[in-house]
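Let's take a walk through this model together. We will begin at the ligand, move on to the strands and end with the domains.

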Amino acid sequence: PLRLERAGAVLTLTLDRPAVLNSLTTELLRALFLALDAAAEDRSVRCVVLTGAGRAFCAGQDLADPAISPPDEAARASGAAPKDIGHLLAHFYRPMLLRLRSMPVPVIAAVNGVAAGAGANLALACDLVVAAHSASFIQAFSKIGLVPDCGGTWLLPRAVGRARALGLAMLGDRLPAVEAERIGLIWRCVDDAELAGEVGTLAARLAAMPTRALVETRRALDAAQQTDLAGALDHEQALQRELGFAHDYQEGVAAFMARRAPSFSDR
Ligand code: LHQ
């Protein structure tokens, strides 16, 4: 259900169940976790791209998966209990999301089409989200009686503020990619025909950059949400000290002074 492709230092992971809009089964969630984990260990990978096969990015949890589907009327009448979907979140979604957010390389979501429910928040958990013009984001959870998961409750208000987060999450309306860019939910919206090219260029650019600095940037931004200015300044200082001893900083400054292209290798 997951396709892996390598191009230089860029690993592309394609959710590949197009007939059901790449909706997520336990098998696919597990494959995604394992692929991310392997990429984290592989020092030759310097950027990961996550995308979907066919016309959608991901329609969220596969609602037909027997692991979660509620008992039908007959089964309910004979006393069958609903499945515990919390179990699925704990054992499949949580590890995958935490693995994604702690990747030692930048992660780009190339949102090729609709991203709904857990699929929307999976895309939004990536570092840079680039969406095709025809793509859209739907916080579909409320329509089936659930709350946003995959970190949506944490991420949405941070990304777009409480008013917009509640509007999106309560109403569950389709948010077109252009609007998502306008309200600052994603990095860029590009023409459909340009998505692959734009993401390829962006991924190659990030892969050639000082990986460790990029990843510490993500971590420092997230950590700064939990602290005051003095705390953030302390954290910046500690990180800067550490990075200042590392190869990429020496190389970056040397290359700048020599007016040549830098060659970064820390990861
Ligand atoms: C699907 C799905 C799908 C199965 C389209 N599952 N087949 C976590 C843990 C535990 C429990 C529950 O939830 C969660 C988190 C979540 O992710 S909750 C949110 C789950 N996702 C949704 O509620 C979205 C459901 N899908 C839709 O609303 C629509 O499909 C969207 C708006 C995404 C796209 O609409 P259309 O472009 O009109 O496509 P479609 O609805 O015709 O779908 C195409 C096919 O894909 C269709 O199958 P069929 O055999 O009729 O061609 C759908 O049944 C199937 N599909 N989403 N989540």
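**Around the ligand**

Of the 23 residues around the ligand, the ones that come nearest are Ala59, Gly60, Gln61, Gly117 and Ala118; a residue counts as near if its C-beta atom, placed from the backbone, lies within 6 Å. Two elements give two or more residues to this shell, helix H3 (85-101) and strand S6 (114-116), and H3 provides the largest share, 3 residues. Helices (H or I, at least four residues) and strands (E, at least two) are DSSP runs, numbered from the N terminus. By class, the shell has 17 nonpolar, 4 polar and 2 charged residues; Ala, Val, Leu, Ile, Met, Phe, Trp, Tyr, Cys and Pro count as nonpolar, Asp, Glu, Lys and Arg as charged, and the others, Gly among them, as polar.

Before we go on, a word on the model: it is predicted, with local features needing pLDDT of at least 70 and side-chain atom pairs counting only at pLDDT 80 or more, while totals for chains, interfaces and linings use all residues. Residues are numbered from 1 along each chain as its sequence is written.

Now find strand S7 (residues 128-132). Because 4 of its 5 residues are buried, S7 is largely enclosed by the rest of the structure (buried means 20 or more other C-beta atoms within 10 Å of a residue's own, all placed from the backbone). S7 pairs in the parallel sense with strand S5 (residues 107-111) over 4 bridges and with strand S10 (residues 188-190) over 3 bridges; pairing requires at least two DSSP bridges. Val130 is the bridge partner of Ala110, and Val130 has Arg188 as its partner in S10.

Finally, the domain assignment, automatic or from a database, gives domain 1 (2-207) and domain 2 (211-257). Their C-alpha centres lie 28 Å apart.

Notes. A residue is buried if 20 or more other C-beta atoms lie within 10 Å of its own, exposed if 12 or fewer, and partly exposed in between; C-beta atoms are placed from the backbone.
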